[in-house]
Amino acid sequence: MKRTPHLLAIQSHVVFGHAGNSASVFPMQRVGVNVWPLNTVQFSNHTQYGQWTGDVLASEQIPALVEGIAAIGELGNCDAVLSGYLGSAAQGQAILAGVARIKACNPKAIYLCDPVMGHPEKGCIVAPEVSDFLLEEAAGVADIMCPNQLELDSFSGRKAQSLLDCLAMARALLTRGPKAILVKHLAYPGKPEDSFEMLLVTADGSWHLRRPLLAFPRQPVGVGDLTSGLFLARVVLGDSLVAALEFTAAAVHEVLLETQACASYELELVRAQDRITHPRVRFEAVPISL
């Protein structure tokens, strides 16, 4: 019997709705991955509601929890680490210590860093120290980074002017250390208004994917978290990076179709769960070059 992969997901958590681990854990489980959720914050709801309650996890708790897993002899079974929203740079440094501990037990473990800073339409939502940490420290450790356009622009110190400019910026980020860059959401002058675009860049090639952009009165939160989680899950299940991108784009689109049909602000993950595992649509990742 084929072994089920294990993945440590270090992200935010909301009690109501879907963001961070609340958006990605269930879908990753549905596609066949054992997920170990470690919540960097626990909020009542996501912050786009304008008000929330809850607390940030103390940074020292992250390595302590990792050591607790090591103490029962399970840390070597961890195949991947996913990190997302950080409450502070200190949390990020604690995560990197945890990644190092896991890779010492399992050198094949993959670390995907989703460098959450914000959204192109919503602005930056983290402190400057977190942005600096992501570029100066996390990028040198991550195997895969999954920025959106705002985050890619922030890393590059300028706004992208074209698709090829986005490609050049992603290639520059590769030189910081990651083996792959997945830009989850492209936004650049001249992009068709009715399309949602993604970009995958490695040392071996680059691929561009386009799917229809669905309209919502308020854009659902957690789509990026869902994207990075499903992408990493498919990679640890054995997909190539390109196949993981194509699957993820299709599965996320299915969730958004269900969310749109329900006129919901929160992602309809439960209603869409069968379509997550078996998407009805397919979008092709097309090779591109400078």
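The protein chain of this predicted model contains 9 helices and 12 strands. Helices (H or I, at least four residues) and strands (E, at least two) are DSSP runs, numbered from the N terminus. The radius of gyration is 18 Å, close to the 19 Å that the globule rule gives for 290 residues, so the chain is as compact as a globular protein of that length. This radius is taken over C-alpha atoms, and the globule rule is 2.2 Å times the number of residues to the power 0.38. The C-alpha trace spans about 50 × 45 × 40 Å along its principal axes.

Residues are numbered from 1 along each chain as its sequence is written. Local features need pLDDT of at least 70, side-chain atom pairs count only at pLDDT 80 or more, totals for chains, interfaces and linings use all residues, and side-chain values use heavy atoms, with hydrogens and water left out.

Of the 290 residues, 56% are buried. Buried means under 20% relative accessible area, exposed over 50%, and partly exposed in between (1.4 Å probe, protein chains only). Among contacts (heavy atoms within 4.5 Å) with a separation of 6 or more, 71% link residues 24 or more positions apart. The accessible surface comes to about 12,200 Å², and carbon and sulfur atoms hold 53% of it. Accessible areas come from the Shrake-Rupley method with a 1.4 Å probe; for residues, only the protein chains shown count as cover.

An open sheet of 10 strands has mixed pairing and the order β3-β2-β1-β4-β5-β8-β9-β10-β11-β12. β3 (54-56) and β12 (285-288) stand at the edges with a single partner strand each, so one side of each lacks a neighbour in the sheet. Two strands pair if DSSP finds at least two bridges between them.

Strand β4 (residues 80-83) runs parallel to β5 (residues 110-113), joined by 4 bridges. Val81 stands opposite Tyr111 in β5, and Leu82 opposite Leu112. β4 also pairs with β1 (residues 6-14), again in the parallel sense over 4 bridges. Here Ile10 stands opposite Ser83. Both faces of β4 are covered. Ala80 and Leu82 are buried on one side, Val81 and Ser83 on the other.

Ile110 lies in β5. Beyond its neighbours within four places in sequence, Ile110 is in contact with Asp79, Ala80, Val81, Asp143, Ile144, Leu232, Val235 and Val236. Ile110 and Pro178 are 68 residues apart in sequence and 11 Å apart in space, C-alpha to C-alpha.
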